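Hi,

Here is the structure I promised to pass on to you. Have a look at it first, and then read on for what I found in it.

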Amino acid sequence: MKVTRLFSTIILTVLVLGMLSACGDAASPTAAPAAATNPPATTASASGATGAKTYKDLTLCFPQLGAESDWRTANTASMKETASTLGIKQLVFSDAQQKQENQISAMRACIQQGVNVIALPPVVEDGWDAVLTEAKNANIPVIVVDRSVSADKSLYAAHIGSDMVLEGERAAAEFNKQLPNGGAILELSGTTGSGAAVGRAKGLRNKLNSNIKILDSQTGNFTRAEAVPVMQAFLKKYKPGTDFQGIFMHNDDMGIGAIEALKGAGVKPGDLKIVSVDGTRGGFQAMVDGWFQADVECNPLLGPQVFDMALKLMNGQQIDKEVLTNETVYYPDKAKELLPTRKY
Ligand code: GYE
């Protein structure tokens, strides 16, 4: 009985040991790759876990739309400064000179290069579907920055920028205050088809009192140079103070160009109610000089938010689909005091 028990114990032990070693043999080939693939954990959180990407790994493509305004210059500087402060691997920067086809070819070059993230400030809203699809197929997330696109939301990761409609509505509220008995205004609008111009025009019309008429609207393409002849043409057609009492400038640069034309026609600061958008130093100076009655803020310093989101995307983290900038309206009474502290 004892002998049999001892014997069966030995057999059982041998069997169990054999099974264990067999398990070990069988497990090791599969265990090894599992151990090798686990640590890189490309979807790991940025909590410092091994494998989480850092800014040093990030190559970000920024096909800037142009250099048409002080806003744009500040926006470019914010992106470049943030990239170097964070020490990202590479910022692929280009200037499309306000041409969509240049932005599209810059994006295609970035897709070819295999960048990690694309931050796109689209010059106009329409016409992005093809290149956004190409980026998506290449698994490169696109953050739409500043202006919006009309493309389906599934084609890009997120949008970071201003609420352009709200900016137009804020401008309307200023005209309603400045012209309580009604009147007529002119509109110097931004680049045709751009999210900024479309939104601001819409916002103005949403909230303008019905006794204030929009006499005429022409584009000055967001530049000082193009605003001058547009304003001169307006002044040939309409008499300031009689035919119109105010002007809505879609940005400060066009406002500054228009002031040159107004001066040339003998118009004095304060003769017209002028509301502009951006809140650049030039806009603040125009308030100090008495030309602008209000300047609706549009913040170009988007660099920190864009890079923060880019890193999150690289690490597969959750991000907000729509990130709107917090903004305000500036007035002449504080302009002189605030001017020296303006960053752009
Ligand atoms: O207001 C203008 C620039 O898209 C918000 O573009 C931007 C606008 C800005 O040229 O100055």
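Cys61 is buried in this predicted model: its relative accessible area is 1%, and the cut-off for calling a residue buried is under 20%. The residue belongs to strand β1, which covers residues 59-64. If you set aside the neighbours within four places in sequence, the contacts of Cys61 are Val92, Ala106, Cys110, Val115, Val117, Ile118 and Ala119.

Next, have a look at strand β5 (residues 158-161), which is covered on both faces. Ala158 and Ile160 point to one side, His159 and Gly161 to the other, and all of them are buried. Which strands pair with β5? One is β4 (residues 142-145), joined to β5 by three bridges in the parallel sense; here Ile143 is opposite Ala158. Another is β11 (residues 322-324), which also runs parallel to β5 and is linked to it by three bridges. In that pairing, Ile160 faces Val323 of β11.

There is also an open sheet of six strands, with mixed pairing and the order β7-β6-β8-β9-β10-β12. Its edges are β7 (212-219) and β12 (329-330); each has a single partner strand, so one side of each has no neighbour in the sheet. Inside that order, β6 (residues 183-189) and β8 (residues 246-249) run parallel and are joined by four bridges, with Ile185 of β6 having Gly246 as its bridge partner in β8. Helix α9 (residues 281-288) packs on this sheet and touches β10 (294-297) and β12. The direction of α9 makes about 160° with that of β10.

Finally, a helix pair for you to look at: α2 (residues 70-86) packs with α10 (residues 303-314) at an angle of about 50°, and their axes are 8 Å apart. That angle makes α2 oblique to α10, and the crossing is right-handed. From α2, the contact uses Ser78, Met79, Thr82, Ala83 and Leu86; from α10, it uses Gly303, Pro304, Val306 and Phe307. How do these residues divide into nonpolar, polar and charged? Six are nonpolar, three are polar and none is charged.

Happy browsing, and write back with any questions.

Best wishes

Terms used:
Residues are numbered from 1 along each chain as its sequence is written. This is a predicted model: local features need pLDDT of at least 70, side-chain atom pairs count only at pLDDT 80 or more; totals for chains, interfaces and linings use all residues. Side-chain values use heavy atoms; hydrogens and water are left out. Axes are lines fitted to C-alpha atoms, for helices over the stretch in contact, and angles run from 0 to 180 degrees between N-to-C directions. Helices (H or I, at least four residues) and strands (E, at least two) are DSSP runs, numbered from the N terminus. Angles under 35 degrees count as roughly parallel, over 145 as roughly antiparallel, 65 to 115 as roughly perpendicular and the rest as oblique. A crossing is left-handed if the near helix is turned anticlockwise from the far one by less than a right angle, and right-handed if clockwise. Contact means heavy atoms within 4.5 Å. Ala, Val, Leu, Ile, Met, Phe, Trp, Tyr, Cys and Pro count as nonpolar, Asp, Glu, Lys and Arg as charged, and the others, Gly among them, as polar. Two strands pair if DSSP finds at least two bridges between them. Buried means under 20% relative accessible area, exposed over 50%, partly exposed in between (1.4 Å probe, protein chains only).
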